[in-house]
Amino acid sequence: MQHAIDISGKKITPAYSGEKAVCGFCKKEVRGKCGKIYIWHWQHVHNAACDVWKEGETEWHRAWKNKFPFDWQETIIEKNSEKHIADIFTPNGIVIEFQNSTISSSTIAEREKFYEKMIWVINAQTFKDNLITENKSDEQLAEIELRYLTQRSQLSKHNSVGLQNIKKKQTALTSEIQSREDDLRALESVTDLFKSYNKNAETFAEQIIIIWQSENLFVDSSLIDIISHDAIPTKKTFFRLLGDLKRNKHFLGAAIKNSIEIEELYMERNEILSELENLKPAVKEELKYVASEYLDLEVEIAQLKREISFLKLENDENDREYQDLKISIDTYIKTNLEKLEADFDEERNKIIKDKDKLTLFWKRERKSWGSAAAPIFLDIGDGNMLYKQPNNKVSRVNVCDFISKYNPDEC
Ligand SMILES: [Zn+2]
């Protein structure tokens, strides 16, 4: 100890070896120790039981105490009929205890409870090799960035399968509609001719016969389709008669003939015309059969049109479903991405804030200090300290900065 009480009750430091005074705590006699090697201090004459909390004072203790003002050193604190010597007691009521040797968790807890506002300064110079400090922040940043990217990528794929399925259905429906519309156009091109006869089989057959009898037989390509239709076997005879009639007409119109020849040609003409008239009902019936085929096509067309409109309705509904799902997915992704980004920023900022802090590892853990509630400063020598926080994060602190925090006049 560096303080004792003189006869007048004043707190003093020793001036010479052998100087007499009394211990301010136990009131027992102390003598001055003023050598060349150690910092001058007082020593109890008898190894009296002074403050049981005080360990054997070392030069390390004395040097630390001397860094603070005289009045702050070795302050006796009395509470509920219990008293102890605080190494340093600042005007702000903070106790700083310098601890050289290992103490148990229960001792730490007991002293923290008594002093309330306190700080531990531990002499770590002897076991600093047992401490490993690492800066983990870059590793942690990389780790959360990777995790964030993974989560972001997972989020962007949210319900993409559902959306894809609707899209697939959309493609299938579109191609189905396309194919039906192609069929429809093909059918309609066939029925166009029939339509121009008001979709009436009778009129259709009559009109075809009139066309066949006319000169413009091959004007319309659809007529060729009908001419070549298998369901009209009578057409062969019909066209032969039409040919005969044409030739007869030609003979009648050409050159000069005698009355017998003319009469014969007229007779022939009448026969041809009569045969044609006789054949017409059969031709007409056969043509009506062809017309009925077109009528069937009309039914098919109507059916196709119904199917197409049904498919289009289904397609519209599918479109709406797609849009709805897309909106809900977008909203889900947006909301969760905002949350994810906020979480990421918070986590990253926390790491960046602690970037200069080191993570402390004890090769052989000093378990008792893990239980301390008060701030711990590890004195690792050469004017450096490590400030240990509960999460095992440490930051380097200069001894001068540490002292000036409590005593701005110093350093
Ligand atoms: Zn004493």
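**View 1. Lys-83 in strand β7 of the predicted model.** Lys-83, at 30% relative accessibility, counts as partly exposed, a class that lies between buried (under 20% relative accessible area) and exposed (over 50%), with a 1.4 Å probe and protein chains only. The residue is placed in strand β7, where helices (H or I, at least four residues) and strands (E, at least two) are DSSP runs numbered from the N terminus. Lys-83 and Lys-10 are 73 residues apart along the chain, and their C-alpha atoms are separated by 20 Å. This is a predicted model, in which local features need pLDDT of at least 70 and side-chain atom pairs count only at pLDDT 80 or more, whereas totals for chains, interfaces and linings use all residues. Residues are numbered from 1 along each chain as its sequence is written, and side-chain values use heavy atoms, with hydrogens and water left out.

View 2. Glu-314 has its place in helix α8 and is partly exposed, with a relative accessible area of 29%. From Glu-314 to Lys-83 the separation is 231 residues in sequence and 90 Å in space, C-alpha to C-alpha. As a setting for this pair, the domain assignment of the protein chain gives domain 1 (1-50), domain 2 (55-135 + 359-406) and domain 3 (152-353), the bounds coming from an automatic or database domain assignment. The centres of domain 2 and domain 3, taken over C-alpha atoms, are separated by 97 Å.

**View 3. The packing of helices α7 and α8.** Helix α7 (residues 235-253) and helix α8 (residues 259-353) pack at an angle of about 155°, with their axes 9 Å apart. That angle makes α7 roughly antiparallel to α8, given that angles under 35 degrees count as roughly parallel, over 145 as roughly antiparallel, 65 to 115 as roughly perpendicular and the rest as oblique. The axes are lines fitted to C-alpha atoms, for helices over the stretch in contact, and the angles run from 0 to 180 degrees between N-to-C directions. The crossing of α7 and α8 is left-handed, the term used if the near helix is turned anticlockwise from the far one by less than a right angle, with right-handed used if clockwise. Sorted by class, the contact of α7 with α8 has 14 nonpolar, two polar and eight charged residues; here Ala, Val, Leu, Ile, Met, Phe, Trp, Tyr, Cys and Pro count as nonpolar, Asp, Glu, Lys and Arg as charged, and the others, Gly among them, as polar.

**View 4. The packing of helices α5 and α8.** Helices α5 and α8 pack at an angle of about 120°, and their axes are 8 Å apart. That makes α5 oblique to α8, and α5 passes α8 in a right-handed crossing.

**View 5. The largest nonpolar core.** This core has 36 residues, and those with the most contacts inside it are Phe-204, Ile-208, Trp-212, Ile-226, Phe-238 and Leu-287. Helices α4 (160-195), α5 (201-213), α6 (221-227), α7 and α8 each supply at least two residues of the core, and α8 gives the most, with 13 residues. A nonpolar core is a set of buried Ala, Val, Leu, Ile, Met, Phe, Trp, Tyr and Cys residues joined through side-chain atoms within 4.5 Å.

View 6. Although Lys-27 is not a glycine, it has a positive phi of about 65°. Lys-27 is found in the loop between β3 (20-22) and β4 (29-33), and at 57% relative accessibility it counts as exposed. Asn-80, which is likewise not a glycine, has a positive phi of about 45°; Asn-80 lies in the loop between β6 (73-79) and β7 (82-89) and counts as exposed at 73% relative accessibility.

View 7. Pro-233 is found in the loop between α6 and α7 and, at 56% relative accessibility, counts as exposed. Pro-233 and Lys-33 are 200 residues apart in sequence and 146 Å apart in space, C-alpha to C-alpha. Asn-391 lies in the loop between β13 (384-388) and β14 (393-398) and is partly exposed, with a relative accessible area of 47%. Between Asn-391 and Leu-360 there are 31 residues of separation in sequence and 9.2 Å in space, C-alpha to C-alpha.
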